[in-house]
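Dear colleague,

My notes on helix packing and aromatic rings follow it.

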Amino acid sequence: MGKRGPKPVDQDTLEIWYGAWLGIFDGLCSGRYIRINLDFQDENALWERLLQATTPEEVRAVCDESPFWLNPKRGATEFHRVLSENPESLLAAKLDPRWPRSNRPTSQGRRIRFLARSMAGITMGIRIRTAQDLLARTDKETLEAVYRPVCACGHRERDHKNRAFCKYCSCSNYRYSGGREIDGRETDAK
């Protein structure tokens, strides 16, 4: 008999699947130019049908009708398989209390991220809520890294105009992080 309690989850693999599902759902919603001869159009009508689906048959129909993003002949074999075999899980994710219910245009990105986190968990065989919690934590850490204090005054990167002076206190101690963590030490090891 194995150990009781939660099983360890490979966070890196979960984040890779999250990124993959995020690309699929974002492409399904808005399309994307990938390279010459590979311009996948949006499938906004199918995206709306996927959001409105209430039965597993409706989810499978969307998978089968997708010409680009969920089409196994276009390279989406794994995504088509997972979604076709687990439509109940997608429907359960939409019934979760955390599901963005607002129909505002700004909720579109939240819905895409929510479904991508859920499907990443389903792909790895973990519960939807567990995947939501693990991936929401990394999203929060990423956002905190972007909006962290970077100057002596304690204001954030977004508060500095033209990456030069703080718009609140006009300090010039700003250092552009490039999206990396800055910890006060100089890291010029040449």
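For the helix packing described here, axes are lines fitted to C-alpha atoms over the stretch in contact, and angles run from 0 to 180 degrees between N-to-C directions. Please note that this is a predicted model.

Helix 2 (residues 44–52) packs with helix 6 at an angle of about 70 degrees, and their axes are 13 Å apart. Angles of 65 to 115 degrees count as roughly perpendicular, and therefore helix 2 is roughly perpendicular to helix 6. The crossing of these two helices is left-handed. Helix 2 contributes Trp47, Glu48 and Leu51 to the contact, while helix 6 contributes Gln108, Arg111, Ile112 and Leu115. Sorted by class, the contact of helix 2 with helix 6 has 4 nonpolar, 2 charged and 1 polar residues.

Turning to the aromatic rings, the count comes to 5 aromatic pairs. One of them is formed by Trp99 and Phe114, with an edge-to-face arrangement, 5.6 Å centre to centre and 75 degrees between the planes. This pair links distant parts of the chain: Trp99 lies in the loop between helix 5 (87–94) and helix 6 (107–124), whereas Phe114 lies in helix 6, 15 residues apart. Trp99 counts as buried because its relative accessible area is 10%, and Phe114 is likewise buried, at 3% relative accessibility.

Ring pairs also join Trp17, Trp21, Phe25, Trp47 and Phe79 into a cluster.

With kind regards

Definitions and conventions:
Residues numbered from 1 in each chain as written. Predicted model: local features only at pLDDT ≥ 70, side-chain atom pairs only at ≥ 80, totals over all residues. Heavy atoms only, no water. Phe/Tyr/Trp six-rings, centres within 6.5 Å; stacked < 30°, edge-to-face > 60°. Helix = DSSP H or I, 4+ residues; strand = E, 2+ residues; numbered from the N terminus. Buried < 20%, exposed > 50% of the residue type's maximum accessible area, 1.4 Å probe, protein only. Parallel < 35°, antiparallel > 145°, perpendicular 65-115°, else oblique. Left-handed = near helix turned anticlockwise from the far one by under 90°. Contact = heavy atoms within 4.5 Å. Nonpolar A, V, L, I, M, F, W, Y, C, P; charged D, E, K, R; others polar.
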